[in-house]
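Subject: Structure handover

Hi,

Here is the structure for you to look over. My notes follow below it.

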Amino acid sequence: MSFTQFDGTAAFSGGGFMPPQATQTADPSYNTSKNRDVQTLLPLTVKQIKDAFVSANEKSEFVIDGVDVNNVTLVGMVSDKVGRITDVAFILDDGTGRLDCNKWFDEAIDANEMERILDGMYVRVHGRLKSFQGKKTLNVFSIRPVNDYNEIASHFIECIYVHVYNGRLQKAHVDVGVTTQPHMAIPTNQFSGQYSFDGQSSTEVKVLEILSQPSYLAREEGAHLDDIARQLKIPVNDLMLAVDNLVQEGKVYSTVDDFHFKSTANA
C-alpha cells in the first residue's frame, strides 16, 4: 500500500510565502530551447491519471472527463530518484497519489536539468502519459523546481476548474445527442494563468503580441525576458512558464542566449 509524503502545509501555505531559494530572475538552467511536437498541456492530478480510462488500442490513449489526453502538466514532490546512464526515474507525489516518471537524456542539457532535481523538492513537470501492461507512467520532457509555493495551490485550482469545465462540456454533448469524442478542451480566462478555447493562455498570447512589435522584429536577438515581463507586469518566473510552452509548441525560439526570444512567425 503506497502512501503520500506530500506536504499539504507547503502546498497551501499561501500568503506570498517564498522558500529561501525563490528568485524573480530567470533560471538559465531551465531549458526552453527544445522544440517538441506537443499538444496543449492539460493540468491534472495524479489521482485523475490513476482513474483515467485507457483505450485498448496500441496507442493506449487516455480519456479523462470525456476528452482525449496525452500531454499533461503536474506539480508535486520528487521522491525515490534513481539516476542511470540514459535516463532518470523518480516518483512524483502530489498528495492525491504517486506516479512513476522517467526523464530520458536526449541531449546533454537534459542531464544537467536533472542534476539539480533532488528528493523532497517540489517541481512542475510537463510530460506525455504512457500505459504498459496496465501501469500508468509519465514520460517527462520538461521539469523545473517550484520556487513559489503559491504555484502548488494555483495548480490544484486549475485542475479543479478544468475538471468541472470538461465535465460540463461532456454532459452538454450527451444532452444534445452528440456521440463523437470531443477534443481536449481548456476553458476561457477565468483565473490567473488562464486559458483560451484553443488552449493558448492569455499570457502566451500577449507574449506573441510583444514579439511581433516592430522594435523587436528589427533586433536580431529579439526580446529579453525582463523586457517582456516588465510590459506584462508579471514576475519573470511566471513568464517562463508561458515562454516554455510557446517554445515547445514551436511558436518562439531562443536566440543569443536563454533570455532572448523571437517569434517563429516573424523569423
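The mean pLDDT of the protein is 75, and 71% of its residues reach 70 or more. pLDDT is the predictor's confidence in each residue, on a scale from 0 to 100. This is a predicted model, so to speak of local features we need pLDDT of at least 70, side-chain atom pairs count only at pLDDT 80 or more, and totals for chains, interfaces and linings use all residues. Residues are numbered from 1 along each chain as its sequence is written, and side-chain values use heavy atoms, with hydrogens and water left out.

**Confidence**

Among the elements, strand E6 (residues 87–93) has the highest mean pLDDT, 94. Helix H1 (residues 8–11) has the lowest, 44. Residues 8–38 stay under 50 in pLDDT, and the model gives them 77 contacts beyond four places in sequence. Contact means heavy atoms within 4.5 Å. Residues 179–184 are also below 50, with 14 contacts beyond near neighbours in sequence.

**Overall**

The protein has eight helices and twelve strands. These are DSSP runs, numbered from the N terminus: helices are H or I with at least four residues, strands are E with at least two. Of the 267 residues, 46% are buried. Buried means under 20% relative accessible area, exposed over 50%, and partly exposed in between (1.4 Å probe, protein chains only). The accessible surface is about 13,200 Å², and carbon and sulfur atoms hold 54% of that. The areas come from the Shrake-Rupley method with a 1.4 Å probe; for residues, only the protein chains shown count as cover. Take the contacts between residues at least 6 apart in sequence: 66% of them join residues at least 24 apart.

**Strands**

Two strands pair if DSSP finds at least two bridges between them. Strand E9 (residues 135–145) is mostly covered, with eight of its eleven residues buried. Strand E8 (residues 122–132) runs antiparallel to E9, joined by ten bridges. His-126 stands opposite Ser-142 in E9. E8 and E9 form a hairpin with two residues between them. Gln-133 in that turn has a positive phi of about 55°. Strand E7 (residues 98–104) runs parallel to E9, with four bridges. There, Asn-102 has Asn-139 as its bridge partner.

An open sheet of three strands has the order E2-E3-E4, with antiparallel pairing. Strands E2 (53–54) and E4 (67–69) stand at its edges with a single partner each, so one side of each has no neighbour in the sheet. Three bridges join E3 (residues 62–64) to E4, and Phe-62 is the bridge partner of Val-69.

**Helices**

Helix H5 (residues 202–211) has these buried residues: Ser-202, Glu-204, Val-207, Ile-210 and Leu-211. They pack against several elements, including helix H7 (225–232), H8 and strand E12 (260–263). Leu-241 sits in helix H8 (residues 236–248). Beyond its neighbours within four places in sequence, Leu-241 contacts Arg-124, Arg-144 and Glu-151. Leu-241 and Arg-144 are 97 residues apart in sequence, yet 9.9 Å apart in space, C-alpha to C-alpha.

**Cavities**

The structure holds two cavities of 30 Å³ or more. A cavity is a set of points, on a 1 Å grid over the protein atoms alone, where a 1.4 Å probe fits but cannot get out; lining residues have an atom within 4 Å of a point.

Best wishes

Note on methods:
1 Å grid on protein atoms, 1.4 Å probe; cavity = no way out; pocket = protein on both sides within 12 Å on 5 of 7 lines; lining within 4 Å. Points joined across faces, edges and corners; volume = space filled by probe spheres on them.
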